[in-house]
Amino acid sequence: MSVSDAITPEQVRAHLAKRRSQGEALGMDMDRQYQRLVELIGDVGGPLLDIGTGKGRLATVMASAAPLVVSLDPSDEDRPFARIVIADGGAADRVALLQGVGERLPFTDGCFGAVVSHQALHHFEDPAAILREMVRVAQPGGVIVASDFDAAGFDVIETIHQSEGRHHPIEGWPVDRAAAFLADLGLDVRVESGPMMTAAVARLPVR
Ligand SMILES: C[S@@+](CC[C@H](N)C(=O)[O-])C[C@H]1O[C@@H](n2cnc3c(N)ncnc32)[C@H](O)[C@@H]1O
């Protein structure tokens with residue numbers, strides 16, 4: 001059993017409370033960010049797919065808007081943490097946590113009402129492959145949301161990481177580049193700003 005498997009609900013809650021107060025002190029309200037994403041997804045019908053689940057906070061909020069959220073991440077590290085977050089959020093029966101990479105989604109074409117990836121674009125090694133896959137598995141008329149921190153949000157995250165003696169690397173693509181890529185694939189794309197994030201919101205054509 002690894003250290004992360006042994007994490008307790010109390011440790012998870014303490015970590016989230018600390019992050020929340022650190023964020024608030026620096027003007028960032030992550031809960032508002034997640035709520036905004038749910039608004040941007042809208043009422044799509046069909047299950048939702050979350051790519052780059054991490055600690056499971058967005059997946060939990062997404063489950064308030066859909067009967068099924070499939071949540072995928074290559075790393076085993078945060079899954080025990082995410083399981084506790086999802087259970088605490090009362091969403092354990094609506095979120096399926098899978099191990100896998102966004103570049104090769106293990107789903108048939110057109111099976112999700114919306115496909116979302118938040119705070120992960122800057123981690124992706126091959127964002128183009130992941131965005132192509134996101135589009136492939138979305139249903140006709142479905143929604144793609146590719147979002148990440150804006151410059152102010154990245155500053156807050158860097159400040160928090162520095163306070164813990166770490167650096168938060170920003171790689172991958174900025175959201176504007178993802179938006180242009182989705183537009184080139186023929187999707188109708190708009191870019192939304194705030195709170196402390198930027199979101200490319202794209203809709204597939206209805207066949
Ligand atoms: C900061 S976390 C995301 C947080 C989460 N989306 C949220 O809003 O609560 C970024 C995640 O992206 C994941 N990731 C990195 N490369 C990936 C890939 N190729 N496919 C899917 N997820 C990936 C990492 O393992 C990490 O858990």
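**Figure 1. Overall fold of the predicted model.** The chain holds 7 helices and 7 strands, and read along the sequence these elements follow the pattern α-α-β-α-β-α-β-β-α-β-α-α-β-β. The radius of gyration is 16 Å, close to the 17 Å that the globule rule gives for 207 residues, so the chain is as compact as a globular protein of that length. Along its principal axes, the C-alpha trace spans about 50 × 35 × 30 Å.

**Figure 2. Burial and contacts within the chain.** Of the 207 residues, 39% count as buried. Among contacts between residues at least 6 apart in sequence, 72% join residues that are at least 24 apart.

**Figure 3. Helix α6 and the residue Gly 165.** Helix α6 covers residues 151-163, and its 13 residues should span 18 Å at 1.5 Å a residue, which agrees with the 18 Å that separates its end C-alpha atoms. Just after α6, Gly 165 takes a positive phi of about 75 degrees. As background for reading the helix, an α-helix has 3.6 residues a turn, so residues three or four places apart point the same way.

**Figure 4. Surroundings of the ligand.** The ligand is surrounded by 19 residues, of which Gly 52, Gly 54, Leu 58, Gly 102 and Ala 120 are the closest. By residue class, the shell around the ligand divides into 6 nonpolar, 8 polar and 5 charged residues, with Gly counted among the polar ones and Leu and Ala among the nonpolar ones.

Conventions: Residues are numbered from 1 along each chain as its sequence is written. This is a predicted model: local features need pLDDT of at least 70, side-chain atom pairs count only at pLDDT 80 or more; totals for chains, interfaces and linings use all residues. Helices (H or I, at least four residues) and strands (E, at least two) are DSSP runs, numbered from the N terminus. The radius of gyration is taken over C-alpha atoms; the globule rule is 2.2 Å times the number of residues to the power 0.38. A residue is buried if 20 or more other C-beta atoms lie within 10 Å of its own, exposed if 12 or fewer, and partly exposed in between; C-beta atoms are placed from the backbone. Two residues are in contact if their C-beta atoms, placed from the backbone, lie within 7 Å. The expected span of a helix is 1.5 Å times one less than its number of residues. A residue is near a molecule or strand if its C-beta atom, placed from the backbone, lies within 6 Å of it.
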